[in-house]
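Let's learn to read a structure by asking what its labels rest on. Each answer sets a value beside its definition.

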Amino acid sequence: MNKIEHIGIAVNNLNKSVPLYELLLNTSCYKTEIVASEHVNTAFFRTGENKVELLEATSDDSAIARFLEKKGEGIHHIAFAVDDILEEMERLKANGFVLLNEVPKKGADNKMVCFVHPKNTNGVLIELCQEIKWV
C-alpha cells in the first residue's frame, strides 16, 4: 500500500454537503460522479496531496444507505493506493484478511477497487485502489 488515496465520508445529501466541505476545506469540489453499480453519487475534493470523497446513496438497498441507517453520517472508509490490486488482494487473503469482493470492480475516479472486511481491521472499512491505465 503506497499511500492513503482518499477518505470516504457517507452523507445524506450531496447538495447540502458539497458547499459545507467546500467551505471547510477551502477548495472547490473538482469532480462528481455516479457509480451506478454501487448505487452511489460521489463528490471529490483535493486538499494538498489528499482527497476526500463524499458518498450519497441513490438506492435504499445500497451499502451507503445501510451504513447511514446504522451509523449516520461520517467516515465510511479509508482508501489506499496500490500498484497491483490483484497482487495486494492475494497478499491480504494469504494473511487471513476477508475481502468483500473476489475480483476488483470499477469504482469512482478511474479506479479499480476492492474492499477489506472491517471485522479484520478493527472496525475500519479499507478500500484498495488502483488507477486504471488506458493503453
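Q: What makes the link between the side chains of E127 and H77 a polar contact?
A: The two side chains are joined at 2.9 Å. A polar contact is a pair of N or O atoms within 3.5 Å; within protein, one must be able to donate a hydrogen and the other to accept it, and residues adjacent in sequence count only if both atoms are side-chain atoms. The E127–H77 pair, at 2.9 Å, is listed as such a contact.

Q: What kind of model is this, and how are its residues numbered?
A: This is a predicted model, where local features need pLDDT of at least 70 and side-chain atom pairs count only at pLDDT 80 or more, while totals for chains, interfaces and linings use all residues. Residues are numbered from 1 along each chain as its sequence is written, and side-chain values use heavy atoms, with hydrogens and water left out.

Q: Why is E127 called buried?
A: Buried means under 20% relative accessible area, exposed means over 50%, and partly exposed is in between (1.4 Å probe, protein chains only). E127 has 6% relative accessibility, so it counts as buried.

Q: Where does E127 lie, and which residues does it touch?
A: E127 belongs to strand β8, residues 126–131. Helices (H or I, at least four residues) and strands (E, at least two) are DSSP runs, numbered from the N terminus. Contact means heavy atoms within 4.5 Å. Leaving aside residues up to four places away in sequence, E127 touches H6, H77, I78, A79, F80, V113, C114 and F115. One of these, F80, is 47 residues apart from E127 along the chain, yet their C-alpha atoms are separated by 6.2 Å.

Q: Is E5 buried or exposed, and how do you know?
A: The relative accessible area of E5 is 8%, so E5 is buried. This residue is found in strand β1. Its side chain makes polar contacts with the side chain of K51 at 2.6 Å and with that of K111 at 3.4 Å.

Q: Which residues of α1 are buried, and which exposed ones does the face turned away carry?
A: L14, S17, V18 and Y21 are buried. The face turned away from the buried side carries the exposed residues N15, K16, L20 and L23. An α-helix has 3.6 residues a turn, so residues three or four places apart point the same way.

Q: What does the buried side of α1 pack against?
A: Its buried residues pack against β1 (3–10), β3 (40–47) and β4 (50–57).

Q: What makes up the largest nonpolar core?
A: A nonpolar core is a set of buried Ala, Val, Leu, Ile, Met, Phe, Trp, Tyr and Cys residues joined through side-chain atoms within 4.5 Å. Here the largest one has ten residues: I9, V11, L14, V18, Y21, C29, A43, F45, V52 and L54. α1 gives the most to this core, with three residues.

Q: Why is β4 described as largely enclosed?
A: Six of the eight residues of β4 are buried, so the rest of the structure largely encloses this strand.

Q: How many bridges join β3 to β4, and in which sense do β1 and β4 pair?
A: Two strands pair if DSSP finds at least two bridges between them. Eight bridges join β3 to β4, which run antiparallel, and β1 and β4 pair in the parallel sense over four bridges. In β4, L54 stands opposite I9 and also opposite A43.

Q: Why are the buried residues of α3 said to line one face?
A: In α3 (residues 85–94), I85, E88, M89 and L92 are buried. They fall within an arc of 100 degrees seen down the axis, so they line one face of the helix. On the other side, L86, E87 and A94 are exposed.

Methods
The arc is that of the directions from the helix axis to the C-beta atoms.
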